[in-house]
Each structure stands twice: as C-alpha cells, then as structure tokens.
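Open your viewer and get ready to click through a structure one selection at a time. Each stop tells you what to select next and what is there.

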Amino acid sequence: MASNDSIKKTLLVAVTLCIVCALVVSGAAVLLKPAQVANKALDRKANILAAAGLLVPGESVESQFEQVTTRIVDLRTGEYSDEMPIEGFEQMRVAKNPATSIALGEDDQAKIKRRENFAMVYLIKDGDELQKIILPIRGYGLWSTLYGFLALESDFTTVAGLGFYEHGETPGLGGEVDNPRWKALWPGKEIYQDGNVAIDLVKGNVDESTPNASHKVDALSGATLTSRGIANLLQFWMGELGYQKFLENLRSGEA
Ligand SMILES: Cc1cc2nc3c(=O)[nH]c(=O)nc-3n(C[C@H](O)[C@H](O)[C@H](O)COP(=O)(O)O)c2cc1C
C-alpha cells in the first residue's frame with residue numbers, strides 16, 4: 001500500500017476534498033435558490049407597501065399585500081393591458097428585450113437606455129374606489145441605478161410616499177435616500193402643475209417661504225449628483241414617456 005506521504009495519495013485527498021466541497025457549495029446554492037427568490041419577492045412586496053405608507057411592521061407582509069391589486073399598463077397607450085401575463089412578469093426583462101421596449105436615445109433623462117412598453121403597477125382600492133397607486137421607477141444617480149417605488153394619492157399628483165429598495169450610492173451621502181427623515185419629506189408633495197411635471201429637488205431647506213414649495217423637496221446634503229439623478233428619474237417617469245398618459249387616463253376615467 002502507498003504511504004500517506006506519497007504524491008498519489010496527497011493528490012487523491014486534495015481532489016476528493018475539492019469535489020466534496022464543490023458539491024456542498026453548489027448543492028447549497030441550488031437548494032437555497034427557491035428561498036432566495038421567495039425572499040426577494042417578499043421584500044419587493046414590503047417595499048411596495050412601505051412606499052404607500054401602508055407597511056405595518058411585525059405583521060405578515062403576504063397578508064398585508066392582499067389589499068394590493070396588481071395590473072400591467074401599456075406605457076405606449078397609457079391603458080391597462082392583458083397582453084402580458086402578470087404571473088412571472090419581470091419588468092427588467094421586458095425592458096431589456098428590444099421587442100418589448102424602446103431605445104431612449106436623447107430622451108434618456110433617467111439614464112436607463114431602454115424603456116419597457118409594459119409596467120407593473122399596484123393599486124390600493126376601497127371597494128371599487130382607487131385610494132393609492134404605486135409605480136415602479138428607476139434611474140441613474142452618481143454611482144448606480146436606483147430602483148424604487150413612487151406612491152400617489154387618488155388625485156394622481158399628490159405623493160403618498162417614495163422609497164428606493166436597491167442602489168449603490170455612498171452611505172451617508174447619496175445613500176441618505178434611505179433615511180426615514182428624508183423620505184418623510186415626500187408625502188404631500190405634488191408632481192404636476194398645470195399638466196406639466198413640476199417636482200424637483202433643490203438645495204437648502206424647503207419651507208413655506210420657498211416659491212412653489214409643494215413641488216420642491218430638499219436635495220440630499222453633500223449628494224447633489226444623486227439628488228439630480230432622483231429629480232431626473234422622477235421627471236422622466238412622471239412625464240410623457242413614463243406614466244403621464246396612464247395617469248391622465250385614470251383621471252379622466254378612461255384607463
Ligand atoms: C468617496 C466619495 C463618495 C461620494 N458619493 C456620492 C454620492 O453617493 N452621491 C453624490 O451625489 N455625491 C457623492 N460624492 C460627492 C460628489 O463627488 C460631489 O462632490 C457632490 O455630489 C457635490 O455635492 P454638494 O454640492 O452637495 O457638496 C462622493 C464623493 C466622494 C469623494
């Protein structure tokens with residue numbers, strides 16, 4: 001029998017160890033995948049509820065999400081669409097597919113390159129009456145694309161809340177988008193003025209003496225570029241290439 005110090009045995013042990021470790025790691029990745037997908041979906045639901053100011057901590061997100069109606073909107077017409085199944089709908093996949101999106105070219109205010117033709121929106125209803133609508137938004141800040149939700153009241157201009165669930169901005173600077181104190185500045189602000197997108201972020205403190213204060217929110221301090229990115233992405237998504245047509249249809253009862 002070969003000695004334990006032989007090259008053959010050393011290699012055998014090393015190779016066996018590698019194979020066992022690889023099997024454990026890949027097995028864990030495969031086994032944990034469904035849990036990861038489920039957690040991601042749950043996190044998304046929590047963020048949708050949080051944007052609308054409806055998330056109750058400590059209570060089941062799934063049962064709270066039962067109050068939400070999910071619909072798909074055709075952004076070209078601003079009307080609800082049944083062309084795409086809600087089950088398995090992935091907006092970013094739709095955005096990347098040239099058959100289901102448009103290249104933005106010079107109109108790329110949010111710096112997202114392509115705009116999907118279909119967007120998933122979330123409705124909070126009381127019976128048949130729409131109370132709030134939650135819209136997915138995204139756009140480039142300084143270092144990263146920020147992904148979030150904007151919730152509007154039933155007048156389709158007053159902000160119910162804003163939150164970003166994914167970004168790579170610097171903690172303490174652009175990362176202050178996650179600060180509850182900054183997020184609390186948003187509810188009550190108004191997106192549109194005379195049919196045009198008027199919401200903007202401005203340096204300094206917005207107070208009652210600020211002209212057009214209802215359309216203005218404090219920029220993040222020390223993070224002018226992230227703030228500009230947020231203003232740009234809101235102006236894009238609330239504008240003609242975003243949800244404006246859809247919101248006008250809702251307002252006139254045509255969606
Ligand atoms: C390491 C580092 C990280 C930064 N991160 C951000 C950021 O996430 N968002 C941002 O707008 N500016 C960030 N900045 C600052 C910008 O470079 C720029 O100075 C700033 O946006 C100007 O904002 P101010 O006019 O409010 O000072 C960072 C700067 C450094 C050195």
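Leaving aside its neighbours within four places in sequence, which residues is Ile-134 in contact with? Select Ile-134 and look around: the contacts are Ile-48, Ala-51, Ala-52, Val-121, Tyr-122, Phe-149 and Ala-151. Keep in mind as you go that this is a predicted model.

**Stop 1: the core**

Ile-134 belongs to the largest nonpolar core, a set of 46 residues. Now colour by element: H1, S5, S6, S7, S8, H5 and H6 each supply at least two core residues. Which of them gives the largest share? That's H5, with 6 residues. As background, nonpolar side chains in soluble globular proteins tend to be buried together.

**Stop 2: the sheet**

Next, show the strands. Six of them, in the order S2-S1-S5-S6-S7-S8, form an open sheet with antiparallel pairing. At the edges you'll find S2 (79-80) and S8 (159-166), and each of these pairs on one side only. In general, strands of a sheet pair through backbone hydrogen bonds, either parallel or antiparallel.

You can pick out the partners: Asp-74 is bridged to Glu-79, and Val-73 is bridged to Tyr-80. S1 and S2 form a hairpin with 4 residues between them, and in the turn Gly-78 has a positive phi of about 75°.

On to S1 and S5, which pair in the antiparallel sense over 7 bridges. Click Arg-71 and look opposite, where you'll see Val-121 in S5. Val-121 is also one of the contacts of Ile-134.

Then select S6 (129-140) and S7 (145-153). How many bridges pair S6 with S7? There are 9, in the antiparallel sense, and a hairpin of 4 residues joins the two strands. Find Pro-136 and its bridge partner in S7, Phe-149.

Stay on Phe-149 for a moment, as its bridge partner in S8 is Gly-163. S7 and S8 pair over 6 bridges, again antiparallel, and they form a hairpin with 5 residues between them.

**Stop 3: helices against the strands**

Select residues 7-51 to see helix H1. H1 lies across S1, S5, S6, S7 and S8, and runs at about 150° to S8. Now try residues 224-237, which make up helix H5. Which strands does H5 lie across? The answer is S6 and S7, with H5 running at about 125° to S6.

Helix H6 takes in residues 244-251. Its buried residues are Gln-244, Lys-245, Phe-246, Leu-247 and Leu-250, and they pack against S1. Just after H6, click Gly-253 to find a positive phi of about 80°.

**Stop 4**

Most residues other than glycine have a negative phi. With that in mind, select Phe-156, which sits in the loop between S7 and S8. Phe-156 isn't a glycine, yet its phi is positive, near 60°. Why does Phe-156 count as partly exposed? Because it has 19 C-beta neighbours inside 10 Å, while a residue needs 20 or more to be buried.

Asn-212 is another non-glycine residue with a positive phi, this one about 55°. Look for Asn-212 in the loop between S11 (200-202) and S12 (216-218). Asn-212 has 13 C-beta neighbours inside 10 Å, so it counts as partly exposed.

Now click Asp-82, in the loop between S2 and helix H3 (91-96). Asp-82 counts as exposed because it has 9 C-beta neighbours inside 10 Å. Use the distance tool from Asp-82 to Lys-245: their C-alpha atoms are separated by 18 Å, and the two lie 163 residues apart along the chain.

**Stop 5: around the ligand**

Finally, zoom to the ligand. Which residues are around the ligand? Select Leu-142, Trp-143, Glu-169, Thr-170, Leu-173, Gly-174, Gly-222, Ala-223, Thr-224, Leu-225 and Thr-226. Colour this shell by type, and the residues divide into 5 nonpolar, 5 polar and 1 charged.

Methods: Residues numbered from 1 in each chain as written. Predicted model: local features only at pLDDT ≥ 70, side-chain atom pairs only at ≥ 80, totals over all residues. Near = placed C-beta within 6 Å. Nonpolar A, V, L, I, M, F, W, Y, C, P; charged D, E, K, R; others polar. Pairing = 2+ DSSP bridges. Contact = placed C-beta atoms within 7 Å. Axes fitted to C-alpha atoms, helices over the stretch in contact; angles between N-to-C directions. Buried ≥ 20, exposed ≤ 12 C-beta atoms within 10 Å, placed from the backbone. Core = buried A, V, L, I, M, F, W, Y, C linked by C-beta atoms within 7 Å.
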